[in-house]
Amino acid sequence: MGGKRQLLSDTLAAAKAEGRSALIAYLPAGFPTVDGGIEAIKAVFDGGADVVEVGLPHSDPVLDGPVIQTADDIALRGGVKIADVMRTVREAYEATGKPVLVMTYWNPIDRYGIERFTAELAEAGGAGCILPDLPVQESAIWREHAEKHGLATVFVVAPSSKDERLAKITAAGSGFVYAASLMGVTGTRESVGAQAQDLVRRTRATTELPVCVGLGVSNAEQAAEVAGFADGVIVGSAFVKRMLDAEDDAAGLEAVRVLAGELAQGVRRGKA
């Protein structure tokens, strides 16, 4: 199966052509179970997400706040493995035909083997990888393999990134640029605000790639606010929290479907 990086680019371009931001959802694989996680991703797509990031659960997720850490712990206690992440990507992609990425820290890929990981992800229909802790200057081997398999390499930029550094990061990346709107960990915030807007402006000055903002959006109003200046709005903790708070799995699926619908309306209210 050929790489799906183009599907990701086409999806983001189609949202732009509609005069709106894309809605990008994040859910960890294996949460609440492997099968339950696959159903949750389908529900989020069904509700209106354009792209989904599948988290590869990690025992020390440095970028993620307590909500996602809780979900990761549940997945890890359930014995989730990289094979389950690949299965999650495959079944979500095959059921929807929409772009599915993996978000992972570098260590699990390094241990698994770069060639094996990229080949399996491409074969599963994955569109690429978001690598929050892989320094660009150490990414050449990864990018070579990702390129060979038609996978996007999405790097994360932060408000602390200087302009010169931003240019290096965006030159190396593909698919889109993940702009982390707040310093520190993910999670919902009252307002994502001016810092994110400034980061998007500075990032756009260095690249033609879409700039998508994550870390802090939890409702339609915030989604509309971010959609006013970003090409994509990334939401993770809010989806995970809906599932954690639900009384059973069926209620959890309905809750994330509904939230995706609300956020999808939000990104259509804010004009990118």
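The paragraphs below walk through some of the salt bridges in this predicted model. Local features are taken at pLDDT of at least 70 and side-chain atom pairs only at pLDDT 80 or more, while totals for chains, interfaces and linings use all residues. Residues are numbered from 1 along each chain as its sequence is written, and side-chain values use heavy atoms, with hydrogens and water left out.

Side chains of opposite charge can pair when their charged atoms come close. A salt bridge here is a side-chain nitrogen of Lys or Arg within 4 Å of a carboxyl oxygen of Asp or Glu, and by this rule the count comes to 19 salt bridges.

One of them joins Lys42 to Glu39, with the closest N and O atoms 3.2 Å apart. Both residues belong to helix α2 (residues 34-47), where a spacing of 3 residues separates them by about one helical turn; helices are DSSP runs of H or I with at least four residues, strands are runs of E with at least two, and both are numbered from the N terminus.

In another salt bridge, the side chains of Lys148 and Glu115 meet at 3.1 Å, N to O. Because Lys148 lies in helix α7 (residues 140-148) and Glu115 in helix α6 (residues 114-123), the pair ties together parts that are 33 residues apart in sequence.

Arg204 forms a salt bridge with Asp231, the closest N and O atoms being 3.1 Å apart. Arg204 is partly exposed at 34% relative accessible area, whereas Asp231 is buried at 13% (buried means under 20%, exposed over 50%, partly exposed in between, with a 1.4 Å probe and protein chains only).
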